[in-house]
Structure formats: C-alpha cells, structure tokens
Amino acid sequence: MSKSSFLYRNSLSIVLLILMLLCLLGQFLTGWKTENKELLEHGKNMLTLKQYLQSGHFIQATFENWKVNFCR
C-alpha cells in the first residue's frame, strides 16, 4: 500500500469510525434486550428492532451516553 493511498492516509479515522459503530451496535442490541425484558415483566408486547430504533428508550440512552462521554 503506497503512502499516498486513501486507506493509508485515513486508516486511523477508519478504525475509530468502525470502533464507534461497533460500540453503538452493542449499545443498541443490549438496550433492545433490556427493554424487551422489562416490557415482558410488565405483560406488554416485545419491540421489534425497528420499533426499538424509533423508541424513546434508544434515543435517550444514546444521547445520555454521548453527553456523559463528551461533555465533561
């Protein structure tokens, strides 16, 4: 790989972006599992992935996490 290639010049940014997306995916799946567990305990229907993505729980957890990590 030459030093002038796109991947070489942007490798750190690409790695960090991939890590951020993996963390966001992990938060999404963990939050979905937790929310569905709580809904089942209260006798309500479980959420699909699409419904959870649009739910207030996901949005709140995501922005709360970002606020804690970036606004110190």
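## A buried glutamate

E35 counts as buried because its relative accessibility is 15%, where buried means under 20% relative accessible area, exposed over 50% and partly exposed in between (1.4 Å probe, protein chains only). The model is predicted, so local features need pLDDT of at least 70 and side-chain atom pairs count only at pLDDT 80 or more, while totals for chains, interfaces and linings use all residues. Residues are numbered from 1 along each chain as its sequence is written, and side-chain values use heavy atoms, with hydrogens and water left out.

Although buried, E35 has no salt bridge, which is a side-chain nitrogen of Lys or Arg within 4 Å of a carboxyl oxygen of Asp or Glu. The nearest side chain of opposite charge is that of K44, 8.2 Å away; here Lys and Arg count as positive and Asp and Glu as negative, while His and the chain ends are not counted. Leaving aside residues up to four places away in sequence, E35 touches L47, Y52 and H57, a contact being heavy atoms within 4.5 Å. The C-alpha atoms of E35 and F58 are separated by 9.0 Å, and the two residues are 23 apart along the chain.

## The helix that carries E35

E35 lies in helix α2, which covers residues 11-41. Helices (H or I, at least four residues) and strands (E, at least two) are DSSP runs, numbered from the N terminus. From its first C-alpha to its last, α2 reaches 45 Å with 31 residues, close to the 45 Å expected at 1.5 Å a residue; the expected span is 1.5 Å times one less than the number of residues.

The buried residues of α2 are Q27, F28, G31, E35, N36 and L39. Just after this helix, G43 takes a positive phi of about 75°.

## A nonpolar patch on the surface

L12 is also found in helix α2, but L12 is exposed, with a relative accessible area of 60%. Together with V15, L16, I18, L19, L22, L25, L29 and L49, L12 forms a nonpolar patch on the surface with about 820 Å² of accessible area. Helix α2 gives the most to this patch, with eight residues. Patches are made of residues with over 30% relative accessible area and no salt bridge; like charges are joined within 9 Å, and nonpolar side chains (Val, Leu, Ile, Met, Phe, Trp, Tyr) within 5 Å.

## The chain as a whole

The chain has four helices and zero strands. Of its 72 residues, 15% are buried.

Notes. Areas by Shrake-Rupley, 256 points an atom, 1.4 Å probe, with all protein chains shown as cover.
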